[in-house]
Amino acid sequence: MLFKDSSYSVSFLVQAIDLGQIALPDIQRPFVWQATKVRSLFDSMYKGFPVGFLLFWETDADPGARQIGTGKAIPRYLIVDGQQRLTSLYTVMQGKEVLREDYSTTRIRIAFRPADETFAVTDAAVEKDPEFIPDISTLWTAGNFLQIVREFLDRLSAKRSLDQTESDRLAGNLGKLHGMDGYIFKVMELSSNVDEEQVAEVFVRINSEGVTLNQADFILTLMSVFWEKGRRELEDFSRFSKAPTPNTASPFNWYIQPQPPQMLRVTVALAFRRAVLKNVYTLLRGRDLESGNQSPQGREAQFARLEEAQAHVLNLTNWHEFLLCLERAGFRSSKMISSDNAILFTYAMWLFGKVHYGVPIPRLREVIALWFFMTHTTSRYSGSFETQAERDFALLDGIDPGDADGFCEALDSLINNTLTNDFWTITLPNGLATSASKSPALMAYIAALNILDAPALLSHIRVRTRLDPAVIAKRGIERHHLFPRKHLRGTLQITDTSKINQIANMALVEWHTNIAISDKAPSEYWPQEIAEANLPSNELARHTYLHALPENWHEMDYQSFLAARRHQMAQVTRDAFMLLRDPSYHPEYPAPGKLEATPKPSGVFGVKMSDLIELGLLDVGATLIDYERGTGATAVVTSEGRIELDGKVFDTPSGAACAALDVKNCNGWEFWYATTPEGELKLLADFREEFAQHTAQPEPSD
């Protein structure tokens, strides 16, 4: 049989979790339920309703076996389905904190009103209301249930009179709630002989949330059982990568906020030179891939390799030294990254070079910068990325440990074989024939501008200094249509947005130049801009070269211009890559600035989107876009003055902007642009300022 049926009370399950006999949580980490769902669970159980069965998976650990590096016993069961319910019961009945998706910890406090047997999520109003037990955890953790009942009745009687009948009824309802620890759960226990593919299939078939399990989930589960410390280290690394930690080193960076499964991939690569996680799971179970034999000794040996590799992967010196390779390659922040896999597997290559082949850091930085530029530009690790990564790892087969030259030559050879003349003259120009804002081809060109220390078009401001990852400026360098949108739509009758927003129609300019160009034809504005910039002829030539402007481009027809500019953008990118190959190339990037809140204009506090609609400054159904940050986010203003983004409705511009940027705090008024009745784009903050100025005007006198 694959499974057996069992029945356990809530008190038994909570105690088993406390003793470590049941591993919680494991496969579906972290806790994702909202407090309202926890409230509903307790309400259903209180009323005696069924709340579903649980699915456990028996571990194959020997009785009495201990985790790596600790004295803790290995759990008997893993939770496959039911983690959220058991976490809810455990955290409430034990008064414990839970780990959220952002790796913060929080208490879930559920209240109960005995008078009408109502559950509620505790808030300030509930806290002050004597009708409620504000935190039902005390019923099981205080140690004296009768004392809790007496204190509640005394507190309530101080507000209103209670007769004996009502007091008995209220006490009875509290007793019914306290007795919920006897609620019986049906449990299916999968045998330890069931493999991970069968477990995943069972999980998918019975799970109503449509959640699927992957190989990383199972490896992290094994780590929870046999090496919990290692899994905690992965989670801590991920948590601390999300924001700077004052006065101490941390994995925080401007390129990636990795999740535990992502860093696990790097560890697995370094430990076993594998990217296909299925085989790694089998190894960590202690099974020999050839003979099929499984043993505790084999498991311990493989976990020892994993532990050694993870120490290198999570080493902060290694991590930040590696990230300097990305900066050398011209990439300044996550805004320029279209593939996290390119970062992760390039980090694995960096670690191979340092740990296994002893490549000196300066030389390693050079070769890995080239490798990252190549992998990111060619989307090497998209699609069947695991297979591709293992092919790349196989390049190192036969190179003796410590052979730094052999390692560098192997990578350099593959780079040369990938970035051929045909790539630069055919593949890359074709890749630029898109309007995707995060196209790898476009990011390669912008990286090239950083490598070449290019100025913004017709400006003295350098691109690399204005692409500061730490500063979200209200105004700065912007991507501007060389053939303006209004000109294309009106004069040239080109209405296809994908053609209007072609990468080859975009150039990096300063914001005041962007405004000045407006919707004029290139033949009209370009001579004026050249005259106003007043650049020496050699410097003007450098600007037109770096920004890939064909000769007399402003007189060309639009399609011919796009084709010619794509080839010149590819040539600039190639030239930058050649400079990147030069060992004497040492770029100097300004240190990222400190994040500063954009000051709010005076007189705008309390202004709402609905106010803008009421005054006629903004229309219901108006489209809001991210014009500066590169997320590609588009939202719509609803009739209630709220913002709908990707099917979700937000009460404020900042709420929608934070969702688009995937951050906690941001200023949505400085993020969203809307179209004016004249067809121009304008910040919501400017609409708000206009509202404030209008309402501040004195009423006309009689």
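Q: Why is Phe237 called buried?
A: In this predicted model, Phe237 has a relative accessible area of 5%. The cut-off for buried is under 20%, so Phe237 at 5% counts as buried.

Q: What makes Trp319 buried?
A: The relative accessibility of Trp319 is 0%.

Q: Which residues do ring pairs link into a cluster?
A: Phe331, Phe372, Phe373, Phe423, Trp424 and Phe577 are joined up that way.

Q: Why does Lys176 count as lying over the face of Tyr46?
A: Lys176 is 4.3 Å from the ring centre of Tyr46. The distance limit is 6 Å, with a limit of 35 degrees from the ring normal as well, and Lys176 is listed as lying over the face. Arg273 does something of the kind with Phe352: its charged end sits over the ring, 5.2 Å from the centre.

Q: Why is strand β3 called largely enclosed?
A: Strand β3 covers residues 54-58, and four of its five residues are buried, so the rest of the structure largely encloses it.

Q: How do you know that β3 pairs with β9 and with β4?
A: Two strands pair if there are at least two bridges between them. Four bridges join β3 to β9 (residues 184-190), running parallel, and four join β3 to β4 (residues 77-81), running antiparallel. On the β9 side, Leu55 stands opposite Met188; on the β4 side, the partner of Leu55 is Asp81. Glu58, for its part, has Tyr77 as its bridge partner in β4.

Q: What makes β1 and β2 edge strands?
A: The open sheet has five strands in the order β1-β9-β3-β4-β2, with mixed pairing. Each of β1 (3-9) and β2 (22-23) pairs on one side only.

Q: Where does helix α3 lie, and what makes it largely enclosed?
A: Helix α3 lies across β3, β4 and β9, at about 115° to β4. 11 of its 12 residues are buried, so the rest of the structure largely encloses α3. The buried ones include Gln83, Leu86, Tyr90 and Met93.

Q: How do you know that the span of α3 is close to what is expected?
A: Helix α3 (residues 83-94) has 12 residues and reaches 16 Å from its first C-alpha to its last, against an expected 16 Å at 1.5 Å a residue. After α3 comes Gly95, with a positive phi near 65°.

Q: Why is one side of β15 and one side of β17 left without a neighbour?
A: The open sheet of six strands runs β15-β14-β13-β12-β16-β17, with antiparallel pairing. β15 (648-650) and β17 (681-683) stand at the edges with a single partner strand each, so one side of each has no neighbour in the sheet. From one strand to the next, the twist averages 35°. Helix α29 (residues 653-661) packs on this sheet, touching β14 (643-645), β15 and β16 (672-675), and its direction is about 10° from that of β14.

Q: What makes β12 and β13 a pair?
A: Three bridges join β12 (residues 623-626) and β13 (residues 634-637) in the antiparallel sense; at least two are needed, so they pair. Thr623 has Val636 as its bridge partner in β13.

Technical notes. Residues numbered from 1 in each chain as written. Predicted model: local features only at pLDDT ≥ 70, side-chain atom pairs only at ≥ 80, totals over all residues. Heavy atoms only, no water. Buried < 20%, exposed > 50% of the residue type's maximum accessible area, 1.4 Å probe, protein only. Axes fitted to C-alpha atoms, helices over the stretch in contact; angles between N-to-C directions. Contact = heavy atoms within 4.5 Å. Phe/Tyr/Trp six-rings, centres within 6.5 Å; stacked < 30°, edge-to-face > 60°. Expected span 1.5 Å × (residues − 1).
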